[in-house]
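This report goes through one protein structure, part by part. The sequence and the model come before the text.

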Amino acid sequence: MEYKKEELLKINIHSLRTIGREIGVRAPTALRKSVLVEEILDIHYGRKKPCQPPKTGRPVGVCVENLNNFKDYIESKQQLLDIDNIIKNAKKKLINEIIAEFQKKLEKI
């Protein structure tokens with residue numbers, strides 16, 4: 001599975017932290033979103049080695065069970081964005097048609 005920076009930047013910070021924990025980012029909650037994305041990509045592409053999770057401290061509440069879930073998550077978000085864009089474009093087209101029809105009626109007056 002390939003991670004792309006653009007896809008990671010679309011994800012909220014909480015989900016990114018979960019992904020970061022899962023693949024071995026050191027202290028993902030202490031990082032800004034852009035830095036966290038870079039860390040995830042560095043580990044994913046082998047530019048950096050993952051760190052071991054701490055053995056002490058509060059256990060993590062939420063965990064990504066499988067990184068394939070991440071791919072599914074990204075794909076579902078992309079599908080929602082695509083649907084949203086289709087709806088926006090349809091609304092714009094409808095508004096433009098209504099305006100054009102209204103202008104024709106005004107010209108007849």
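## R47 and its partner

R47 is exposed, with a relative accessible area of 56%. The model is a predicted one, and in this model the side chain of R47 meets that of D42 in a salt bridge, with 2.9 Å from N to O.

## The chain as a whole

The protein chain contains four helices and zero strands. Read from the N terminus, the order of elements is α-α-α-α. The chain has 109 residues, of which 19% count as buried. It exposes about 8700 Å², and carbon and sulfur atoms supply 55% of that area.

Contacts between residues at least 6 apart in sequence were also examined: 58% of them join residues at least 24 apart.

## Helix α2

Helix α2 covers residues 13–23, and its buried residues are L16, T18, I19, G20 and I23. The N-terminal end of α2 is capped by N12, which places a side-chain oxygen 3.1 Å from the backbone nitrogen of H14. Just after the helix comes G24, with a positive phi of about 105 degrees.

## Helix α3

Does the length of helix α3 agree or disagree with what its residue count predicts? The helix has twelve residues, 33–44, and at 1.5 Å a residue these should span 16 Å. The C-alpha atoms at its ends are 16 Å apart, so the two values agree. Just after α3, G46 has a positive phi of about 80 degrees.

## E39 within α3

E39 is found in helix α3. Its relative accessible area is 18%, and E39 is therefore buried, the cut-off being under 20%. Its side chain is joined to that of K48 by a polar contact of 2.8 Å. Leaving aside residues up to four places away in sequence, E39 touches V25, L31 and K48.

## Salt bridges

How many salt bridges does a search of the whole structure find? The search finds four. One of them joins the side chains of E38 and K5, at 2.6 Å from N to O. E38 lies in helix α3 and K5 in helix α1, so this pair ties together parts that are 33 residues apart in sequence. Both residues are partly exposed: E38 has a relative accessible area of 31%, and K5 has 37%.

Another salt bridge links E101 and K105, whose closest N and O atoms are 3.9 Å apart. These two residues are four apart in helix α4, so about one helical turn separates them. An α-helix has 3.6 residues a turn, so residues three or four places apart point the same way. E101 is partly exposed at 47% relative accessible area, whereas K105 is exposed at 51%.

## A nonpolar patch

L80, I83 and I87 form a nonpolar patch on the surface. Together they have about 280 Å² of accessible area. Of these residues, L80 lies in helix α4, which covers residues 67–108. L80 counts as exposed because its relative accessibility is 54%, and the exposed class begins over 50%.

Terms used
Residues are numbered from 1 along each chain as its sequence is written. This is a predicted model: local features need pLDDT of at least 70, side-chain atom pairs count only at pLDDT 80 or more; totals for chains, interfaces and linings use all residues. Side-chain values use heavy atoms; hydrogens and water are left out. Buried means under 20% relative accessible area, exposed over 50%, partly exposed in between (1.4 Å probe, protein chains only). A polar contact is a pair of N or O atoms within 3.5 Å; within protein, one must be able to donate a hydrogen and the other to accept it, and residues adjacent in sequence count only if both atoms are side-chain atoms. Patches are made of residues with over 30% relative accessible area and no salt bridge: like charges are joined within 9 Å, nonpolar side chains (Val, Leu, Ile, Met, Phe, Trp, Tyr) within 5 Å. Accessible areas come from the Shrake-Rupley method with a 1.4 Å probe; for residues, only the protein chains shown count as cover. The expected span of a helix is 1.5 Å times one less than its number of residues. Contact means heavy atoms within 4.5 Å.
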